[in-house]
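Open the model in your viewer and keep the selection tool at hand. The tour below goes from one selection to the next.

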Amino acid sequence: MGSTPPVFIGAEEVEKHLQRASLLLPALEAALANFSAGAAGGVVQPVRTVLPVPRHGGYLGVMPAYSAADDALTTKLVTFYEHLKDSSVPSHQATVLLFDPSNGTLKAVLDGSVITAERTAAVSAIATKLLMPAFAEVLCILGAGVQAYSHYDIFTELFTFKEVRIWNRTKERAVQFASAVSGPVRVCASAQEAVTGADVIVTVTMATTPILFGDWVKPGAHINAVGASRPDWRELDDELMKNSVLFVDSRDAALTESGDVILSGAEIFAELGEVLKGTKPALPEKTTVFKSLGMAVEDTVAAKFVYDAWSAGN
Ligand SMILES: NC(=O)c1ccc[n+]([C@@H]2O[C@H](COP(=O)([O-])OP(=O)(O)OC[C@H]3O[C@@H](n4cnc5c(N)ncnc54)[C@H](OP(=O)(O)O)[C@@H]3O)[C@@H](O)[C@H]2O)c1
């Protein structure tokens with residue numbers, strides 16, 4: 001007598017059940033706060049293991065987590081490749097395994113790409129709600145890939161910007177982005193043009209050297225720095241890192257994985273979860289950077305959300 005085999009929930013089903021990233025906000029806020037509460041918060045999550053695939057310029061990340069509040073146990077397996085020869089293959093591909101925490105049985109295998117895109121954008125939105133200046137009018141996105149779209153969707157759903165700007169290394173993809181999304185977007189010829197005067201900036205590129213410079217940034221702006229997830233990769237220059245108040249998702253991860261944090265020597269002010277718990281202030285009147293690396297527990301709560309919605313429909 002074997003146990004019930006795990007269900008497979010593919011990308012389309014995940015998208016259907018997740019609906020909108022904003023639906024994840026309450027669970028993600030709780031998970032971030034629980035993570036920053038240490039052992040009392042009931043989140044068990046090591047810094048991820050990242051295995052390089054040097055021959056092909058790729059990486060395999062293994063991201064396990066257990067959340068007591070959700071009673072959910074998952075691990076995400078994510079690959080990311082810097083220089084793909086075949087551009088029809090996404091640079092990031094992910095799978096989430098969801099287990100029954102009471103006995104270790106594998107219950108579901110979920111496509112992790114949509115989960116990654118949506119939960120990352122939702123966490124940036126949480127940071128932005130807390131850290132952006134009052135009366136923010138201009139949103140600037142640097143990059144035009146998967147994360148640019150998920151960030152655009154939740155940012156324009158939750159906030160009211162008068163203007164949205166985009167810059168991308170390959171201009172055609174920025175033009176394509178502007179014609180694909182639901183509202184008006186100004187395509188800028190340079191990153192500097194896009195950033196100048198912006199109140200909220202999102203960096204979502206695979207850059208390995210800085211694309212955003214402190215010189216260009218309006219005092220009081222808020223930056224969500226989402227790319228540069230290796231210890232020797234950068235998106236932000238030293239000036240911006242050192243002259244901003246720096247928030248991270250996980251201190252341990254930032255000091256292990258983030259080139260922007262490690263190489264600039266910038267001091268970490270707080271984890272986002274500490275702000276959510278009220279143990280650290282948000283300081284929205286200052287120039288703020290949220291350095292996002294993405295945490296396994298974010299995938300745990302998102303995968304549980306999808307699995308519960310899928311189960312309710314079956
Ligand atoms: N923090 C988190 O939780 C989290 C989660 C997932 C992903 N990420 C990170 O977010 C970033 C974007 O991911 P994605 O899935 O959107 O990737 P994607 O779909 O492959 O898009 C990559 C974007 O980066 C641009 N780019 C690539 N190399 C560049 C360079 N050297 N300089 C400037 N721009 C460059 C690309 O421009 P072209 O159009 O010119 O190629 C494209 O706009 C990645 O760094 C990824 O690792 C973070």
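A salt bridge here is a side-chain nitrogen of Lys or Arg within 4 Å of a carboxyl oxygen of Asp or Glu. Select Arg48 and Glu257: they form such a bridge, with the closest N and O atoms 2.8 Å apart. This is a predicted model, where local features need pLDDT of at least 70, side-chain atom pairs count only at pLDDT 80 or more, and totals for chains, interfaces and linings use all residues. Residues are numbered from 1 along each chain as its sequence is written, and side-chain values use heavy atoms, leaving out hydrogens and water.

Next, colour the two domains, whose bounds come from an automatic or database domain assignment. Domain 1 is 7–115 + 297–313, and domain 2 is 120–295. Their C-alpha centres lie 22 Å apart. The contact (heavy atoms within 4.5 Å) takes 25 residues from domain 1 and 27 residues from domain 2. Between them the domains bury about 2,300 Å², 65% of it on carbon and sulfur atoms; this buried area is the accessible area (1.4 Å probe) that two parts lose on being put together, summed over both. Three salt bridges are counted between domain 1 and domain 2.

Now select helix H2 (25–36), which gives the most to the side of domain 1 that touches domain 2, with seven residues. Helices (H or I, at least four residues) and strands (E, at least two) are DSSP runs, numbered from the N terminus.

Go on to Ala72, in strand E5 (residues 72–81). Is Ala72 buried or exposed? Ala72 is buried, with a relative accessible area of 4%; buried means under 20%, exposed over 50%, and partly exposed in between (1.4 Å probe, protein chains only). Beyond its neighbours within four places in sequence, Ala72 is in contact with residues including Pro101, Thr300 and Lys304.

Select Ser292 in the loop between strand E15 (288–291) and helix H11 (296–312). Ser292 is buried too, with a relative accessible area of 4%. Leaving aside neighbours within four places in sequence, its contacts include Thr120 and Asp249.
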